[in-house]
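Please examine the sequence and the model shown below before reading the grouped points.

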Amino acid sequence: GFNINTNNPAVGAAFASGSIAGKTGQTDVAVVNRGYSDSNGNQLSTGSVQILFGNGQVLQGSETSPLTAIDLSGNPDGVLIEGFDDLGISNGGLALSATLGYISSSTQEDLVIGDPNANNGQGVVYVIYGSYLAANPNTKINITTLTSSQGYTINPTTGSFGFGTTVAVGNFDGAGTNDIAIGAPSTNNGAGAVYIAYNPTATSN
């Protein structure tokens with residue numbers, strides 16, 4: 001085996017693996033990173049996700065630069081998604097959640113990211129097309145300017161809080177297409193709630 005070196009303890013708070021590129025025998029990995037500040041309290045990152053492709057330098061063990069939360073210097077043939085609302089543990093932020101699943105395609109898995117800190121704590125969920133990620137290596141995506149070619153946003157209902165703390169993909173209604181389950185544990189005065197987005201598309205959300 002081999003080690004993937006990082007330069008910050010915020011890197012690697014969570015992982016999701018699957019077939020983003022849709023290549024037989026290749027597993028791709030989404031690495032979720034926490035937000036963090038420097039010793040003077042300056043916010044250096046508000047959370048990010050690094051996409052490591054199975055045929056890329058990092059997962060092939062040939063990359064020598066450390067994996068970071070803020071750039072592609074240690075993942076030159078991957079994708080960095082940034083612009084979330086996780087201010088880090090020290091500032092009371094909640095970690096991003098992530099999973100992969102076949103939503104817009106039956107051959108390439110899309111990336112689902114929950115940001116429970118967004119919208120003043122109401123939260124939001126993003127769906128990033130696997131087809132876009134695979135076709136655009138060495139690219140940065142800022143989630144605040146997400147385009148329709150990159151993916152779409154699922155917003156919570158009024159009164160929801162912590163929407164996106166957890167996310168899961170599956171065929172929950174048995175209709176033959178995948179749905180997204182979204183946890184919102186701070187909703188209902190802390191009693192919590194789980195929402196299901198059935199057969200989600202950009203136009204239905």
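Which residues of the largest nonpolar core touch the most other members? They are Val49, Ile51, Ile81, Leu111, Ile128, Leu133 and Ile154, out of 38 residues in that core. The model is predicted, so local features need pLDDT of at least 70 and side-chain atom pairs count only at pLDDT 80 or more, while totals for chains, interfaces and linings use all residues. Residues are numbered from 1 along each chain as its sequence is written, and side-chain values use heavy atoms, with hydrogens and water left out.

**Nonpolar cores**

- A nonpolar core is a set of buried Ala, Val, Leu, Ile, Met, Phe, Trp, Tyr and Cys residues joined through side-chain atoms within 4.5 Å.
- Buried means under 20% relative accessible area, exposed means over 50%, and partly exposed lies in between (1.4 Å probe, protein chains only).
- In soluble globular proteins, nonpolar side chains tend to be buried together.
- The largest core has 38 residues, and strand S9 (residues 124-128) gives the most to it, with five residues. Strands (E, at least two residues) are DSSP runs numbered from the N terminus, as are helices (H or I, at least four residues).
- Apart from this core lies another, of nine residues, including Val11, Val29, Val58 and Ala69.
- Isoleucine 51 touches Ile20, Val29, Ala30, Asn75, Gly78, Val79, Ile81, Leu111 and Leu133, not counting residues up to four places away in sequence. Contact means heavy atoms within 4.5 Å.

**The five-strand sheet**

- Five strands form an open sheet in the order S1-S2-S5-S6-S10, and the pairing is mixed. Two strands pair if DSSP finds at least two bridges between them.
- Strand S1 (14-18) and S10 are the edge strands, each pairing on one side only.
- From one strand to the next, the twist averages 15 degrees. Such angles run from 0 to 180 degrees between N-to-C directions, with axes fitted as lines to C-alpha atoms, for helices over the stretch in contact.
- S1 and S2 run antiparallel and are joined by five bridges; alanine 14 stands opposite valine 32 in S2.

**The three-strand sheet**

- A second open sheet has the order S12-S13-S14, with antiparallel pairing.
- Its edge strands are strand S12 (166-170) and strand S14 (193-197), each of which pairs on one side only.
- Neighbouring strands of this sheet are turned by 20 degrees against each other on average, direction ignored.
- Strand S13 (residues 179-184) is joined to S14 by five bridges, and alanine 181 has isoleucine 196 in S14 as its bridge partner.
- Aspartate 173 is found in the loop between S12 and S13 and is partly exposed, with a relative accessible area of 40%. Leaving aside neighbours within four places in sequence, aspartate 173 is in contact with Asp179 and Tyr198.

**Strand S7 and serine 97**

- Five of the five residues of S7 are buried, so this strand is largely enclosed by the rest of the structure.
- In a regular strand the side chains alternate between the two faces of the sheet.
- Both faces of S7 are covered, with Ser97, Thr99 and Gly101 buried on one side and Ala98 and Leu100 buried on the other.
- S7 runs antiparallel to strand S8 (residues 110-115), and five bridges join the two. In S8, leucine 111 is the bridge partner of leucine 100.
- Serine 97 is found in strand S7 (residues 97-101) and counts as buried at 9% relative accessibility.
- The side chain of serine 97 reaches the backbone oxygen of glycine 164 at 2.7 Å. This is a polar contact, a pair of N or O atoms within 3.5 Å; within protein, one must be able to donate a hydrogen and the other to accept it, and residues adjacent in sequence count only if both atoms are side-chain atoms.

**The salt bridge**

- The structure holds one salt bridge, defined as a side-chain nitrogen of Lys or Arg within 4 Å of a carboxyl oxygen of Asp or Glu.
- The side chains of aspartate 86 and arginine 34 form this salt bridge (2.6 Å, N to O).
- Aspartate 86 lies in the loop between strand S6 (79-82) and S7, and arginine 34 in the loop between strand S2 (28-33) and strand S3 (36-37), so the pair ties together parts that are 52 residues apart in sequence.
- Both aspartate 86 and arginine 34 are buried.
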